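User: I would like to go through the packing of helices and sheets in this structure. Could you take me through it?
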Amino acid sequence: MSKRVVTLAHYYTAPAIQQMADKVGDSLELSLYAKECQADTIVFAGVRFMAETAKILNPQAEVILPDAGSTCSLVTQTDVKRLAAWRQKYADHVHVAYINSSAEHKALADWIVTSRNVDDIIAHLYAQGERVIFSPDRNMGAYLNYQYGYDMPLWSAVCEVHDRFNENSLLEGMAAVDGPKYLIAHPESPLPVLKRADYVGSTSGMLDWVRRFDREPDATIFVATEDGILYNMGLARPDLKISQAPIYAGCQCNQCPYMKMNTIEAVRRAQNGEGVRIDYLTPAQMDAARLPIERMLAFSKARMAAAQATPVAVPA
Ligand code: 13P
Ligand code: SF4
């Protein structure tokens, strides 16, 4: 019997790669899909921490990352030994870690979050009277502290792609365009940029915001995130003017080098069984990392079910 190969692609991969995938999504959607799909092999066109998460959630499946170089700066900037000491310093706090982290890092966390559920999970923890520390993304943590008045101690790593956005260049670039304009941004961007945004949210959150846009039809929507998702936004709303947020005058270079290592050739090779096998995590490492991920998935599934069960008000 032939093996069932499932290809997953993140929104930040190139359009041609998304077209090769069985499922395209954000980190949360792809984790859930990886856990529940009946695959013998999962080809993960994303970055290493995503492929590792897929393996942790679906250890029966063989998981292949197309290119060994597909890492993430939030992972490479975090020394796990130093992180363990930092976590120890706040032993009475709940440690919330962003999914953009290694398996060893996840094992030091109580909860994993993605950019889609981070607001709700941390609000839930504060509502229970917990004190929280947040790692590894300093920008996302600073935004949460600012937005909700938290005082979470933060680990200090950044996404090298989103951290390049800066307020002045953004304002200059936006001022050069006439007409109504909006800014939407991923929470990995620096706080001064996020403070200027009309909407801050995950990749799928921004995509939904664009899908539902019903304001001025001639508006320009600037998007402060990796450029791959502009493809999905264009497909969803071809009638709108959607533009990458400029990093500096004239620059349209907000690409994640690691996501873009998923070339057509590399993904094809992975679909034929070549590439990096995620087979190096021990059962103990996977068990330790799975706990905080499963906590997040259970929380998000319950929230999604509650949202679907909420009756829609029928106008009189
Ligand atoms: P999402 O969880 O919004 O898909 O983001 C993942 C990511 O790597 C952003 O840089
Ligand atoms: Fe990591 Fe940033 Fe690339 Fe996302 S865009 S995978 S956070 S380096």
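User: Which residues of helix H7 are buried?

Analyst: In this predicted model, Val118, Ile121, Ile122 and Leu125 are the buried residues of helix H7, which spans residues 118-127. Viewed down the axis of H7, these buried residues fall within an arc of 95°, so they line one face of the helix.

User: What do the buried residues of H7 pack against?

Analyst: Their partners are strand E5 (94-98), strand E6 (111-113), strand E7 (132-135), helix H8 (138-148) and helix H14 (283-309).

User: And which residue just after H7 takes a positive phi?

Analyst: That is Gly129, with a phi of about 85°.

User: Changing topic to the sheets. In what order do the strands of the 4-strand sheet run, and is the pairing parallel or antiparallel?

Analyst: The order is E9-E8-E10-E11, in an open sheet with parallel pairing. Strand E9 (199-200) and strand E11 (241-244) are the edges, each pairing on one side only.

User: How many bridges are there between E8 and E10?

Analyst: Strand E8 (residues 181-185) and strand E10 (residues 220-224) pair over 5 bridges, in the parallel sense. Within this pair, Tyr182 stands opposite Ile221 of E10.

User: Which strands does helix H11 touch on that sheet?

Analyst: Helix H11 (residues 203-211) packs on the sheet and touches E8, E9, E10 and E11; the direction of H11 makes about 155° with that of E8. Helix H12 (residues 229-236) also packs there, touching E8, E10 and E11, and the direction of H12 makes about 175° with that of E11.

User: Staying with H12, which of its residues are buried?

Analyst: Ile229, Leu230, Asn232 and Met233 are buried in H12. Seen down the helix axis, they fall within an arc of 160°, so they line one face of H12. The buried residues of H12 pack against helix H1 (15-19), strand E2 (23-25), E8, H11, E10 and E11.

User: What is Tyr199 in contact with, leaving aside its neighbours within four places in sequence?

Analyst: Tyr199 is in contact with Leu183, Ile184, Ala185, Gly205, Met206 and Trp209. As for Ile184, its C-alpha is 4.8 Å from that of Tyr199, although the two are 15 residues apart in sequence.

User: Now the 5-strand sheet: what is the strand order?

Analyst: This open sheet has the order E2-E1-E3-E4-E12, with mixed pairing. The edge strands are E2 and strand E12 (276-277), each of which pairs on one side only. Strand E1 (residues 5-10) and strand E3 (residues 41-45) run parallel and are joined by 5 bridges, and Val5 stands opposite Thr41 in E3.

User: Which strands does H3 lie across?

Analyst: H3 lies across E1, E3, strand E4 (62-65) and E12, and runs at about 175° to E4. Helix H13 (residues 264-271) packs on the sheet as well, touching E1, E3 and E4, with its direction at about 170° to that of E3.

User: Last point: at what angle do H2 and H3 cross?

Analyst: The axes of helix H2 (residues 27-36) and helix H3 (residues 48-57) cross at roughly 35° and come within 8 Å. The crossing is right-handed. Ser27, Ser31, Ala34 and Lys35 of H2 make the contact with Met50, Thr53, Ala54 and Leu57 of H3. Of these residues, 4 are nonpolar, 3 polar and 1 charged.

Technical notes:
Residues numbered from 1 in each chain as written. Chains lettered and ligands numbered in written order. Predicted model: local features only at pLDDT ≥ 70, side-chain atom pairs only at ≥ 80, totals over all residues. Heavy atoms only, no water. Axes fitted to C-alpha atoms, helices over the stretch in contact; angles between N-to-C directions. Helix = DSSP H or I, 4+ residues; strand = E, 2+ residues; numbered from the N terminus. Left-handed = near helix turned anticlockwise from the far one by under 90°. Contact = heavy atoms within 4.5 Å. Nonpolar A, V, L, I, M, F, W, Y, C, P; charged D, E, K, R; others polar. Buried < 20%, exposed > 50% of the residue type's maximum accessible area, 1.4 Å probe, protein only. Arc of directions from axis to C-beta. Pairing = 2+ DSSP bridges.
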